[in-house]
Amino acid sequence: RERYENLLEELGETDTITIDAGVTFARRLADECHAIEAERLLTKLVATSRRVHGPDHSCTVYATSTFQNWCSVRGVVVKGEGDRIFEALRYENDGEMCVVEGPFLADGTRNRSEDRTLTVPSTDIIPAPGMPVVCIGLEGGEAHLNGKHGETRAFSRENDTFVFHIYFEEKDLEPAKIEPKNLRIIFELPPPE
């Protein structure tokens, strides 16, 4: 973070060195399950590089490919499918069902000719760590979290139910343990509030 912020100050946000450092910083954020901050930063870097340097510049290509590889795929494990990772594509039936495709191979690639598309109950998917999510349907003392964006950092089993440890984009909100039925994957981040 410090290197990127120093380069922003010294060289400005449009310099290719700053953009490349920003991409590296975003990858580190994603590795640490700070997906929302990483995705927002990469979105900004891609737009800046494309606007200033053009779509074919190596800096733009690097930022764009990093965004596509790190932010555009929403990986999930599907109950009953072992530990294989599928790509969540969208929700159907008001979020009751999730359409997934895959699985990914052990090396992280896909054999598209052998992919399967499944429609599964939303409660049967386990989002990967760092997945952007939004809370829904919470009641009582957690109702204030409805509509709040966060990311999964871990999950655990409590009283025979999986719960996800959610860290919120709004820094003044404490992390919370939320059941799968009260979470939806964010496929496209809305603008920051």
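Let's start with helix α4 (residues 58–70): its 13 residues reach 18 Å from the first C-alpha to the last, close to the 18 Å expected at 1.5 Å a residue. That expected span is 1.5 Å times one less than the number of residues. Helices here are DSSP runs of H or I with at least four residues, strands are runs of E with at least two, and both are numbered from the N terminus.

This is a predicted model, in which local features need pLDDT of at least 70 and side-chain atom pairs count only at pLDDT 80 or more, while totals for chains, interfaces and linings use all residues. Residues are numbered from 1 along each chain as its sequence is written, and side-chain values use heavy atoms, leaving out hydrogens and water.

Which residues of α4 are buried? They are C59, T60, A63, T64 and T66. Looking down the axis of α4, you would find its buried residues within an arc of 160 degrees, so they line one face of the helix. The arc is taken from the directions between the helix axis and the C-beta atoms. On the other side of α4, S58 and N69 are exposed. Buried means under 20% relative accessible area, exposed over 50%, and partly exposed in between, using a 1.4 Å probe and protein chains only. The cover over the buried residues of α4 includes α2 (16–31) and α3 (35–53).

**Rings that meet**

The structure holds 4 aromatic pairs. Rings of Phe, Tyr and Trp (its six-membered ring) pair if their centres lie within 6.5 Å; planes under 30 degrees apart count as stacked, over 60 as edge-to-face and the rest as tilted. Here are two of the pairs:

| Pair | Centre distance | Plane angle | Type |
|---|---|---|---|
| Y91 and F187 | 5.6 Å | 70 degrees | edge-to-face |
| F155 and F162 | 5.4 Å | 65 degrees | edge-to-face |

Y91 belongs to strand β2 (residues 85–92) and F187 to the segment after β10 (183–185), so this pair links distant parts of the chain, 96 residues apart. F187 is partly exposed, at 27% relative accessible area.

**Strands side by side**

Strand β1 (residues 74–78) runs antiparallel to β2, and 4 bridges join them. Strands count as paired if DSSP finds at least two bridges between them. In this pairing, V77 has I85 of β2 as its bridge partner. β2 also pairs with strand β3 (residues 97–102) in the antiparallel sense, over 5 bridges.

Notes:
Contact = heavy atoms within 4.5 Å.
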